[in-house]
Amino acid sequence: MVILYHRTPFGTTERIGGFEPPRSVLRARAARERLLAWMAGQSLPGLVLTRPGPVSWLTGGLPPPVDRSAATDLVWAVISAASTALITTEVEADRIAEEYRPGEHGFAELVAVPWYDPDAFARAAADIAGAPAAALASDGHPAFGQDSADDLTALRLALSGPEQEDLRALAADAATALEGALIAWAPGERDLDIQARVAAALEARGADAPVLIVGGDDRVRRYRHPMAAGAPVRHLAMAVVVARRGGLHAAATRFASAVPLSADLRALWDRVRRIEAGTLAASLPGHSYGDVLGALDEGYAAEGAPGGWAGHYQGGPIGYAQREFEIAPGRGGSRWPAVRLEPGHAVAWNPSLPGGAKAEDTYLVQAGGLERVTTGPGWPTGGGGHGIPPRPLVLEVR
């Protein structure tokens with residue numbers, strides 16, 4: 001069997017023996033099948049996807065967004081029992097048609113609308129679906145009658161095989177970018193320079209960083225989010241990233257120290273790693289997200305910090321958003337604590353304690369345990385066992 005790699009504007013895809021479609025096509029096919037089955041049960045005439053995460057899911061990782069901060073995409077997807085179609089502006093249409101190739105990804109039509117008409121997208125969606133906007137479901141856009149955002153999130157939690165492969169590749173690139181930037185750190189260098197290396201490494205791999213936090217020394221000990229401020233980092237450096245490519249996200253945190261960790265800081269790290277271990281042990285198939293939150297809460301209490309999870313975001317399921325949903329221990333009124341983890345879910349928990357210790361990696365839930373996908377070459381690890389792989393340690397830079 002021969003594997004042929006080719007470079008597209010949207011990353012590396014592969015064709016096995018010349019016949020296997022690119023992963024983006026396989027991703028789009030799997031998403032479309034799930035959505036059509038769900039829509040049949042809902043008796044919906046059509047569904048309109050307008051936001052970057054849902055659009056990337058159905059398209060298999062559409063080309064990168066023009067505006068990386070936009071809540072609404074420049075490409076919308078419309079799916080009905082009869083067909084699927086894309087809508088974009090006249091500015092983007094030629095590029096999408098030529099480089100994304102909608103037909104190969106299962107879209108029968110690409111409709112171009114004027115960029116200067118704010119209602120053109122919604123009108124085109126209704127025309128394509130053959131139903132008024134009020135009868136259509138969407139991912140939360142106010143122009144349409146039914147908000148199905150939570151249902152769509154639930155449908156995409158279990159990543160398909162091609163999505164898992166793309167997440168592994170992205171997560172490895174994210175870890176390599178973080179770790180390479182810290183390995184190259186010379187004590188006294190500015191936090192902005194470390195941050196620039198992380199960003200450059202990701203951009204060179206066709207990814208970007210919606211979240212990128214770098215800080216050091218006293219600022220790491222004082223703040224959970226020590227945003228880079230041009231300060232020199234002499235003793236302890238932290239780098240945090242949420243990387244994005246093809247609509248998927250991967251999160252990781254790494255620490256490096258130019259001096260041996262003090263006894264106090266080492267003890268703090270041990271406490272955080274025990275909280276993390278208990279949380280990960282609960283993140284296995286058959287457990288619910290509520291079970292995981294219970295383990296997280298118990299972990300903080302066991303380490304002498306009851307309720308300590310309230311001091312910082314604790315992470316959660318990750319995929320087509322940096323957090324597919326945000327939950328916290330003891331909060332009612334949400335559907336998410338009852339959802340059970342399944343093979344294919346991705347999680348990135350983020351326990352921390354004030355003083356300079358925080359753990360975060362991205363894991364794929366597998367039938368036999370967790371797979372840490374934010375892995376780079378040569379970084380020290382320790383612990384593991386009982387379905388939990390070895391986890392990153394603080395790198396001592398000499």
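This is a predicted model: local features need pLDDT of at least 70, side-chain atom pairs count only at pLDDT 80 or more; totals for chains, interfaces and linings use all residues.

Colleague: Fine, start with α9 then; how many residues does α9 have, and how far does it reach?

Modeller: Helix α9 covers residues 263-281, which is 19 residues, and from its first C-alpha to its last it reaches 27 Å, close to the 27 Å expected at 1.5 Å a residue.

Colleague: And which residues in α9 are buried?

Modeller: The buried residues of α9 are L265, L268, W269, V272, R273, I275, E276, T279 and L280. Looking down the axis of α9, these buried residues fall within an arc of 160°, so they line one face of the helix. On the other side of α9, the residues A263 and D264 are exposed.

Colleague: What about α10, what span should its 14 residues have?

Modeller: Helix α10, residues 289-302, should span 20 Å at 1.5 Å a residue, and its end C-alpha atoms are 20 Å apart, which agrees.

Colleague: Which residues of α10 are buried, and what covers them?

Modeller: In α10 the buried residues are Y289, V292, L293, A295, L296, G299 and Y300. Seen down the axis of α10, they fall within an arc of 160°, so they line one face of that helix. The cover over the buried residues of α10 includes α9, together with β14 (315-317), β15 (346-349) and β16 (352-353). The face of α10 turned away from its buried side carries E298 and A302, which are exposed.

Colleague: What comes after α10?

Modeller: G304 follows α10, and the phi of G304 is positive, near 75°. The loop between α10 and β14 also holds E303.

Colleague: Is E303 buried or exposed?

Modeller: E303 has a relative accessibility of 15%, and because buried means under 20%, E303 counts as buried. Leaving aside residues up to four places away in sequence, E303 touches R271, R274 and I275, and I275 is also among the buried residues of α9.

Colleague: Let's change topic to packing; at what angle do α1 and α2 pack?

Modeller: Helix α1 and helix α2 (residues 52-59) pack at an angle of about 105°, with their axes 6 Å apart. The two helices α1 and α2 are therefore roughly perpendicular to each other. On the α1 side the contact is made by S24, R27, A28, A31, R32, R34 and L35, and on the α2 side by S56, W57, L58 and T59.

Colleague: And where do α1 and α6 stand, how do their axes cross?

Modeller: The axes of helix α1 (residues 23-42) and helix α6 (residues 161-183) come within 8 Å and cross at roughly 130°. That angle makes α1 oblique to α6, and the crossing of α1 and α6 is left-handed. R23, L26 and R27 in α1 meet P162, E163, E165 and D166 in α6, and R27 is also one of the α1 residues in the contact with α2.

Colleague: Last one, where is G230, and what does G230 touch?

Modeller: G230 is in the loop between α8 (217-222) and β11 (232-233), and at 26% relative accessibility G230 counts as partly exposed. Setting aside residues up to four places away in sequence, G230 touches R190, D191 and L192. G230 and E189 are 41 residues apart in sequence, and their C-alpha atoms are 9.1 Å apart in space.

Key: Residues are numbered from 1 along each chain as its sequence is written. Side-chain values use heavy atoms; hydrogens and water are left out. Helices (H or I, at least four residues) and strands (E, at least two) are DSSP runs, numbered from the N terminus. The expected span of a helix is 1.5 Å times one less than its number of residues. Buried means under 20% relative accessible area, exposed over 50%, partly exposed in between (1.4 Å probe, protein chains only). The arc is that of the directions from the helix axis to the C-beta atoms. Contact means heavy atoms within 4.5 Å. Axes are lines fitted to C-alpha atoms, for helices over the stretch in contact, and angles run from 0 to 180 degrees between N-to-C directions. Angles under 35 degrees count as roughly parallel, over 145 as roughly antiparallel, 65 to 115 as roughly perpendicular and the rest as oblique. A crossing is left-handed if the near helix is turned anticlockwise from the far one by less than a right angle, and right-handed if clockwise.
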